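Here is a short briefing to read with the sequence and the 3D view side by side. Take your time and find each residue as you meet it.

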Amino acid sequence: MTGEPVLVFDGDCGFCTTSVRFAERRVGVRARVVPWQRADLGALGVTRERARYELLWVEDGRVSGGAQAVARLLIAAGLPWSPLGFVLRVPPFRWVAWGAYRLVAANRHRLPGGTPACALPPGSGSAGSPPAGLRVPAPATSVPETAGPTGSGPTVAGSAGSEGR
């Protein structure tokens with residue numbers, strides 16, 4: 001996949017929708033923004049389980065999730081946001097961003113704009129654990145990105161899925 005990046009979010013979640021709309025107004029999202037419920041997930045190389053679990057940034061066949069999707073969004077937005085995006089990509093800030101993202105994601109139904117529909121689906125795990133069967137590596141100190149093998153979707157070197165959260 002080449003061309004315009006795609007930001008995939010949970011369109012059923014009021015908190016998520018409000019957050020994305022805020023980013024569009026204040027940050028300037030330079031991507032096609034689509035709720036996962038309306039996205040062609042297969043064409044993006046994303047599973048439904050992963051789309052339900054976290055915000056996704058898909059660009060040139062690479063999938064970034066959670067805090068790293070936010071970092072990519074900020075980098076693509078340009079100045080003054082891109083320096084913050086680059087900082088969120090390196091340890092130890094990457095680790096802190098991962099923890100903060102998981103905490104917010106696990107409690108999004110309790111945050112302003114949140115509704116019961118915002119709660120992660122049953123079996124999605126807690127703030128630090130992904131849904132059963134979804135391999136999500138912990139944030140690495142350095143995660144070189146590579147294109148996945150033909151037919152397997154995008155991957156990151158050293159992981160079975162995509163970029164670490």
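Just after helix H4, Gly-78 takes a positive phi of about 80 degrees. Helices here are DSSP runs of H or I with at least four residues, strands are runs of E with at least two, and both are numbered from the N terminus. This is a predicted model, in which local features need pLDDT of at least 70, side-chain atom pairs count only at pLDDT 80 or more, and totals for chains, interfaces and linings use all residues. Residues are numbered from 1 along each chain as its sequence is written, and side-chain values use heavy atoms, with hydrogens and water left out.

- Buried means under 20% relative accessible area, exposed means over 50%, and partly exposed is in between, using a 1.4 Å probe and protein chains only.
- The buried residues of H4 are Ala-67, Gln-68, Ala-69, Ala-71, Arg-72, Leu-73, Leu-74 and Ala-77.
- Is Arg-72 buried or exposed? Arg-72 counts as buried because its relative accessibility is 19%.
- Arg-72 and Arg-89 are 17 residues apart along the chain, and their C-alpha atoms are separated by 8.6 Å.
- Ser-82 has its place in helix H5, and its relative accessible area of 10% makes this residue buried.
- Which residues does Ser-82 touch, not counting those up to four places away in sequence? Ser-82 touches Leu-74 and Ile-75. A contact means heavy atoms within 4.5 Å.

**Nonpolar cores**

- In soluble globular proteins, nonpolar side chains tend to be buried together.
- A nonpolar core is a set of buried Ala, Val, Leu, Ile, Met, Phe, Trp, Tyr and Cys residues joined through side-chain atoms within 4.5 Å.
- The largest nonpolar core has 22 residues, and those with the most contacts inside it are Leu-7, Val-29, Leu-55, Trp-57 and Leu-73.
- Strand S1 (6-9), helix H1 (14-27), H4 and helix H6 (93-106) each supply at least two residues of this core.
- Helix H4 gives the most to this core, with 6 residues.
- Leaving aside neighbours within four places in sequence, Trp-57 is in contact with residues including Pro-5, Leu-7, Arg-30, Ala-69, Arg-72 and Leu-73.
- Apart from this core lies another one of 12 residues, among them Val-6, Trp-36, Leu-44 and Val-63.

**Backbone details in the loops**

- A cis peptide bond joins Leu-79 and Pro-80, with omega about 5 degrees. Pro-80 lies in the loop between H4 and H5.
- Another cis peptide bond joins Pro-91 and Pro-92, where omega is about 0 degrees. Pro-92 is found in the loop between H5 and H6.
- Asp-60 has a positive phi of about 50 degrees although it is not a glycine.
- Asp-60 lies in the loop between strand S3 (56-59) and strand S4 (62-65), and counts as partly exposed at 45% relative accessibility.

**A charge over a ring**

- Where does Arg-102 lie relative to Tyr-53? Arg-102 lies over the face of Tyr-53, at 3.9 Å from the ring centre.
- A charge sits over a ring if NZ of Lys or CZ of Arg is within 6 Å of the ring centre and within 35 degrees of the ring normal.

**The chain as a whole**

- The protein chain has 6 helices and 6 strands, and read along the sequence they follow the pattern β-α-β-α-α-β-β-α-α-α-β-β.
- Of the 165 residues in the chain, 42% count as buried.
- Among contacts in the chain with a separation of 6 or more, 58% come from residues 24 or more positions apart.

- The chain averages a pLDDT of 78, and 67% of the residues score at least 70. pLDDT is the predictor's confidence in each residue, from 0 to 100.
- Among the elements of the chain, helix H5 (residues 82-87) has the highest mean pLDDT (97) and strand S6 (residues 155-156) the lowest (36).
- pLDDT stays under 50 over residues 124-129, for which the model has 13 contacts beyond four places in sequence.
- Residues 137-165 also have pLDDT under 50, and the model has 63 contacts beyond four places in sequence for them.
- Where pLDDT is low, the predicted coordinates should not be read in detail.
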